[in-house]
Amino acid sequence: MRRAVLVGCVLWTLAGTAFAQEPPPRIGPIVLDLHGTIPRFPDEDPALAASRGLSISELPGTGLGVEAGAHLYFFRWRAITFGFGGEIVTARAKQTPPAAAKGLQAVTEGFRSLGSQLSFNFGSGKGWSYLSGGIGRSNWSIVPDKVPRIPADDDVLKTINYGGGARWFIRSHLAFSFDVRFYALNPGTPSAGYPASPRTTFLSIGAGVSLKP
């Protein structure tokens with residue numbers, strides 16, 4: 001009888017604990033991102049170099065940047081939470097040739113983009129991964145030092161962004177997050193006697209923090 005009472009008490013305690021546990025919080029409803037980024041600009045494309053009258057060895061390549069985003073999570077279907085938002089990106093790369101390299105110019109490359117994102121999110125409010133993509137507009141400049149910008153450096157190019165990442169909330173309102181993203185840019189326009197810049201896709205890797213208001 002004592003054993004039966006003891007077992008019943010244990011089962012009652014376990015059941016009470018299970019019912020007392022709250023389900024994991026839902027994703028969102030709003031998240032703000034701030035990431036440092038490392039863009040890998042193309043540096044082996046002869047068509048891109050020709051669009052600015054440069055040689056391949058003068059293209060800068062890898063740079064540094066900042067990305068800020070805001071996302072609203074508005075609908076959940078089974079294991080997927082849908083989100084919509086946007087991002088602002090700015091990045092810069094510079095290539096300075098060694099003093100012994102004759103005929104090469106120092107070149108600064110700049111990228112600015114404003115775009116939307118639709119995301120598919122998997123997980124809970126304590127942490128989740130996502131896949132996302134969207135459309136926006138970008139400005140991509142490649143300018144040798146002491147040389148004026150040409151109209152191509154101020155072109156506004158239609159841009160598709162796509163990629164994925166994850167967020168881990170170490171506190172209720174603060175998360176570590178990372179994002180891996182591709183930017184696919186439309187061709188530019190011919191300018192200053194140079195051919196148009198080609199259709200281009202490059203990779204950018206970002207990491208930083210996410211905030212829930």
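Colleague: In S4, what is the bridge partner of Gly86?

Modeller: Ser116 is the bridge partner of Gly86 there. Strands are DSSP runs of E, at least two residues, numbered from the N terminus. Keep in mind that this is a predicted model, where local features need pLDDT of at least 70, side-chain atom pairs count only at pLDDT 80 or more, and totals for chains, interfaces and linings use all residues. Residues are numbered from 1 along each chain as its sequence is written, and side-chain values use heavy atoms, with hydrogens and water left out.

Colleague: How many bridges join S3 to S4?

Modeller: 15, and the two strands run antiparallel. Strands pair if DSSP finds at least two bridges between them. S3 also pairs with S2 in the antiparallel sense, over 13 bridges.

Colleague: Which residue in S3 does Ala68 stand opposite?

Modeller: Ile88.

Colleague: New topic. Where does Asp155 lie?

Modeller: Asp155 is in the loop between S5 and S6.

Colleague: Is Asp155 buried or exposed?

Modeller: Buried, meaning under 20% relative accessible area with a 1.4 Å probe and protein chains only; exposed is over 50%, and partly exposed is in between. Asp155 has no salt bridge, which would take a side-chain nitrogen of Lys or Arg within 4 Å of a carboxyl oxygen of Asp or Glu. The nearest side chain of opposite charge, Arg52, is 6.6 Å away.

Colleague: And why does Leu118 count as partly exposed?

Modeller: Because its relative accessibility is 37%. Leu118 has its place in strand S4.

Methods
Helices (H or I, at least four residues) and strands (E, at least two) are DSSP runs, numbered from the N terminus. Lys and Arg count as positive and Asp and Glu as negative; His and the chain ends are not counted.
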